[in-house]
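User: Please take a close look at one part of this model for me: the sheets, and the packing around them. Keep it brisk, and spell out the cut-offs.

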Amino acid sequence: MVKVYSNALEETMEIDRIIGHIQGSEPGPTVVFFAGIHGNEPAGVFALKQVFRELKLRQTKINGQVYGIAGNLGALKNKVRFVEKDLNRIWSAEELVQIDAQDDAISSDEMEMRELYKLLTHILTLNQPPYYFIDLHTTSGDTPPFMVLNDSLLNRKFASNYPLPIILGIEEYLSGALLSYINELGYVSLGFEGGKHEDIVSIRNCIDFIRFTLGITELVSYSVQELDRFKRELLSAGEVTNRFYEIYYQYEIETGSSFIMEPGFENFQKIPKGTQLAVDNGNRLVTHRKRQIFMPLYQELGSEGFYFIRSVPKVLLWISKGLRKFKVDHILVRLPGIKWKSLKKDALLVDLRIAKFMVKSFFHLLGYRARQVNQTHLVVKSREVASKNVDYKDARWF
Ligand SMILES: [Zn+2]
């Protein structure tokens with residue numbers, strides 16, 4: 001048992017790794033919520049506890065299984081983002097092998113990762129698809145609630161049921177996020193940012209989000225009116241249009257650098273040209289053109305200073321859907337300078353000296369995430385190939 005404190009509620013609560021688990025009486029989906037992957041974000045933990053309490057008290061009929069899982073227990077106890085390593089930046093196949101091999105020489109955060117991994121494997125072996133993985137977070141600055149997800153058509157389709165802004169493509173900038181790892185296993189997985197860390201409204205938003213998710217996944221058979229009510233509650237939490245946005249720039253803070261964000265920036269805020277955003281190691285960071293800022297960093301820990309985003313026009317969403325459905329990538333490999341990088345045909349190697357006309361944004365449309373390997377080569381990896389679409393075909397939202 002670990003004690004978790006919420007400044008917003010002025011309340012302490014004792015939790016285990018599993019905050020709640022209910023096995024339903026009828027078959028249905030498996031819905032897994034994570035909270036407190038970052039220890040200074042207890043809102044999701046309190047929200048989950050509350051929803052599980054409600055479900056039990058009201059004896060709500062559950063179809064399938066629902067889990068609420070605490071992320072970084074050690075960090076939650078100490079009210080810090082992480083102890084030594086950010087638990088949301090270390091999820092990679094290589095790291096998992098390493099953690100398994102070197103038994104005791106690992107950080108407490110890696111120890112937590114090992115436990116979570118075991119639990120995840122356990123859940124995936126014991127239960128039935130369709131699986132849904134939701135990760136609850138909060139941010140250091142003020143923000144209306146929003147969702148982040150890896151850009152696969154499956155994720156997009158599921159996420160478009162929510163009346164919230166959706167941010168695509170964060171996985172291109174952040175490596176080792178828990179959700180990206182799960183997404184690469186082929187399951188629907190998305191992150192929810194409920195608001196500012198210690199704001200009471202963030203707990204409220206997480207509760208609304210969880211309830212709505214229970215309905216959308218059909219884990220609970222709410223009436224149309226009830227589901228509508230949950231939707232309206234979620235909608236009322238923010239004033240940002242519920243559309244798709246993509247991240248196109250990340251400001252990376254170098255280790256040991258003194259980064260100070262200028263006060264008062266809000267998430268999704270439109271910033272005019274010539275605005276000073278931050279000071280990094282004495283250098284003033286000023287916008288050279290109009291920007292829309294995303295996730296400005298207002299806490300000490302973290303290496304991402306801020307991002308720039310832009311909304312994705314509907315027509316591009318349609319085009320990209322078409323391109324992916326017709327597997328245009330399989331035609332591209334006939335062009336000079338482009339070849340498959342893996343036998344699974346889920347990654348391409350692009351020689352930019354030959355395929356000069358190929359730009360990252362085009363690969364984004366095709367559902368690839370791009371990583372520049374060197375000056376001349378780009379490796380792009382498909383987010384579509386792994387998607388377990390069949391598992392979801394009977395779901396109402398699908
Ligand atoms: Zn977080």
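Analyst: Here is the sheet architecture, then the helices on it, then the nonpolar cores.

This is a predicted model, where local features need pLDDT of at least 70, side-chain atom pairs count only at pLDDT 80 or more, and totals for chains, interfaces and linings use all residues. Residues are numbered from 1 along each chain as its sequence is written.

Start with the 11-strand sheet. It is open, with mixed pairing, and its order is β3-β5-β4-β6-β9-β7-β8-β10-β16-β15-β12. Helices (H or I, at least four residues) and strands (E, at least two) are DSSP runs, numbered from the N terminus. Two strands pair if DSSP finds at least two bridges between them. The edge strands are β3 (18-23) and β12 (270-271), each pairing on one side only. Further in, β4 (residues 26-35) and β5 (residues 63-70) run parallel, joined over 7 bridges. Within that pair, Thr-30 stands opposite Gln-65 of β5.

Helix α1 (residues 43-57) packs on this sheet. It touches β3, β4, β5, β6 (131-139) and β9 (188-196). Contact requires C-beta atoms, placed from the backbone, within 7 Å. The direction of α1 makes about 30° with that of β3. Axes are lines fitted to C-alpha atoms, for helices over the stretch in contact, and angles run from 0 to 180 degrees between N-to-C directions. Helix α7 (residues 200-216) lies across β4, β6 and β9, at about 155° to β9.

Next, the 3-strand sheet. It is open and antiparallel, in the order β11-β13-β14. β11 (259-261) and β14 (283-286) each have a single partner strand, so one side of each lacks a neighbour in the sheet. Neighbouring strands here are turned by 20° against each other on average, direction ignored. β11 pairs with β13 (residues 276-280) over 3 bridges, in the antiparallel sense. Met-261 has Ala-278 in β13 as its bridge partner.

Now the cores. A nonpolar core is a set of buried Ala, Val, Leu, Ile, Met, Phe, Trp, Tyr and Cys residues joined through C-beta atoms within 7 Å. Buried means 20 or more other C-beta atoms within 10 Å of the residue's own, with C-beta atoms placed from the backbone. The largest core holds 84 residues; those touching the most other members include Phe-33, Met-147 and Ile-210. Its largest share, 8 residues, comes from α7. Met-147 touches Ala-159, Tyr-162 and Phe-192, among others, not counting residues up to four places away in sequence. A second, separate core has 6 residues, including Leu-348 and Tyr-368.

Definitions and conventions. Two residues are in contact if their C-beta atoms, placed from the backbone, lie within 7 Å. A residue is buried if 20 or more other C-beta atoms lie within 10 Å of its own, exposed if 12 or fewer, and partly exposed in between; C-beta atoms are placed from the backbone.
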